[in-house]
Amino acid sequence: MFFSARLPRKILFGRGRLESLPDALKELELGGKAILVTGRRFARKSGYLDKLCSLMKSAGVDVIIYDKVEPNPSIETVEMGGKIAREQGVNFVVGFGGGSAMDAAKGIAVLATHDGKLEDYFYPAEVKPPVLPIVAIATTCGTGSEVTKYAVFSKGIRKNVIASEQIVPVLSVLDAEVLRYLSKDITAHTAMDAFSHALESYYHVNSCEFSEIFVRDSIKMILEHFKNAVDGDIDSREKLLYASMLAGLAISLSGTIVVHGLGYYLTQKFGIPHGLANLLFIKQFIEYAAEKIPERTMSLGKLLELDASTPEGVSKILINKLNELSRYAGLPINLREAGIPESELSTIVDQGLSYKRNLDSCIRPPTAHELEEIVKKAF
Ligand SMILES: [Fe+2]
């Protein structure tokens, strides 16, 4: 077994842990000036923006607010944030929000210390140290970005990724109190993103015994707590927050594969939320895996303690469960229900094929023809 893992220096998990932010900032000696990166509405409307500013001030930190991050952050937004961070000479970057705000914070941390454009650091480029330290405070239960080495940015119909251990946050805060404000839809979508991270990680070439521990617990918890979490139960939402962190650790050790590669276009072209876009392909990937990667699928069944004696049995249990959860949360179960025109299927396949990093890191990558079958079945 081989693996390489950069983990946060500190993870604060639990209800009310946001209050420990000042102590953690002092302990980690991150410096006296920070840029707080967040979205345009939620932080201000919920009162969290004021709260964060006063917590940081109590740790002796001057705060510059950058509340300009849109869903699926654009390159321009991140470059502007990087310029401000550099001009203001901040010592560290705080991202407060879902994946978009945390990923924008990561991009800003890179640009604050590196010349050039954000695109210069997209995979496969390497990001050399130093990068400003990143504090990630998660407000959704899906992305896992608070613990990962990834940041995803939008450009036209493309998603681009920075993949570097340099952008793993030094401090991650997961306080489920903030999840009280999540809508049912966002809870369901983000949970499906976490499910997808865990499942894809298992079929990634770099999956290892260490990442599989996270995969097992993450998938079990999502399947068990999804319904109550969607209904607003805060204890269940806390379980999903934990599960999404675990799934983030799993992909930080391995990565996402073809499901993410296929989903990106749906988000960019049709505005389908990221987690939902993954859900729309994951069942067909599971079917594909049962047929083409049967041993691995059987071992996934064992890992999850599913009552199945064949790979098809494993896939049936997982797919039925995903359909049941989708129906419960009112999510579309196929591309047609999601409003995607049939005429788009060939473009979806081409776009999926173009995300080579995702495609090739599957332990048995689908051929072009097999990918076409996956997409057709997803319709
Ligand atoms: Fe994702």
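**Domains, a strand and a leucine**

Guide: The centres of domain 1 and domain 2, taken over C-alpha atoms, are 26 Å apart. This is a predicted model, in which local features need pLDDT of at least 70 and side-chain atom pairs count only at pLDDT 80 or more, while totals for chains, interfaces and linings use all residues. Residues are numbered from 1 along each chain as its sequence is written.

Visitor: Where do the domains lie in the protein chain?
Guide: Domain 1 covers 10-179 and domain 2 covers 182-378; such bounds come from an automatic or database domain assignment.

Visitor: And how many residues of each are in contact?
Guide: In domain 1, 23 residues are in contact with 29 residues of domain 2, contact being C-beta atoms, placed from the backbone, within 7 Å.

Visitor: Changing topic, why is strand E2 largely enclosed?
Guide: Six of the seven residues of E2 (residues 33-39) are buried, so the rest of the structure largely encloses this strand. Buried denotes 20 or more other C-beta atoms within 10 Å of a residue's own, again placed from the backbone. Strands are DSSP runs of at least two residues, and helices of at least four, numbered from the N terminus.

Visitor: Which strands are joined to E2?
Guide: Six bridges join E2 to E3 (residues 62-69), running parallel, with Leu36 opposite Ile65. Five bridges join E2 to E4 (residues 92-97), also parallel, where Ile35 has Val93 as its bridge partner.

Visitor: What about Leu249: buried or exposed?
Guide: Leu249, in helix H8 (residues 234-253), counts as buried because it has 26 C-beta neighbours inside 10 Å. Leu249 touches Val147 and Phe214, leaving aside residues up to four places away in sequence.

Conventions: Contact = placed C-beta atoms within 7 Å. Buried ≥ 20, exposed ≤ 12 C-beta atoms within 10 Å, placed from the backbone. Pairing = 2+ DSSP bridges.
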